[in-house]
Amino acid sequence: MGCFSCFDGGNKEQRKEEERLASAEARAKAAEAAQKRQEQFEQSAAGRAARAQMQAAAKQSANSNNGEPVLKWQMG
C-alpha cells in the first residue's frame with residue numbers, strides 16, 4: 001500500500017504544474033481583456049469626458065493656492 005503513494009506523488013506534481021500554467025494563462029488572458037476594455041473606454045465619449053474632467057481637476061488643484069499658505073493670520 002505504501003508504494004502506491006510514491007506513484008501518486010508524481011501525478012500531484014504534474015497536476016500542480018498544469019494548474020500553475022493554466023492559472024498563468026488565465027491571468028494573461030484577463031489582463032489582455034482588461035487592456036482591451038480600457039482602450040475601448042478611452043475611445044468612447046464617456047472615456048473622453050472622464051479624461052477631460054480629470055485634467056480640469058488637476059489643473060484646478062495645481063492653480064489653487066499658488067504657493068501661498070492656505071490659512072493667513074492677521075494680527076492687528
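Guide: A residue is called buried under 20% relative accessible area, exposed over 50%, and partly exposed in between (1.4 Å probe, protein chains only). This is a predicted model, where local features need pLDDT of at least 70, side-chain atom pairs count only at pLDDT 80 or more, and totals for chains, interfaces and linings use all residues. Residues are numbered from 1 along each chain as its sequence is written, and side-chain values use heavy atoms, leaving out hydrogens and water.

Visitor: What share of the protein counts as buried?

Guide: Of its 76 residues, 1% count as buried.

Visitor: Why are Arg 20 and Glu 17 called a salt bridge?

Guide: A salt bridge needs a side-chain nitrogen of Lys or Arg within 4 Å of a carboxyl oxygen of Asp or Glu.

Visitor: What makes Lys 29 and Glu 25 a salt bridge?

Guide: Their closest N and O atoms are 3.5 Å apart, and the limit is 4 Å, so this pair qualifies too. The count comes to two salt bridges.

Visitor: Why is Lys 29 called exposed?

Guide: Lys 29 has 54% relative accessibility, and exposed means over 50%, so the word applies.

Visitor: Why is Glu 25 called partly exposed?

Guide: Its 47% lies between the 20% and 50% cut-offs, so Glu 25 counts as partly exposed.

Visitor: How far apart along helix H1 are Lys 29 and Glu 25?

Guide: They are four residues apart, so about one helical turn separates them.

Key:
Helix = DSSP H or I, 4+ residues; strand = E, 2+ residues; numbered from the N terminus.
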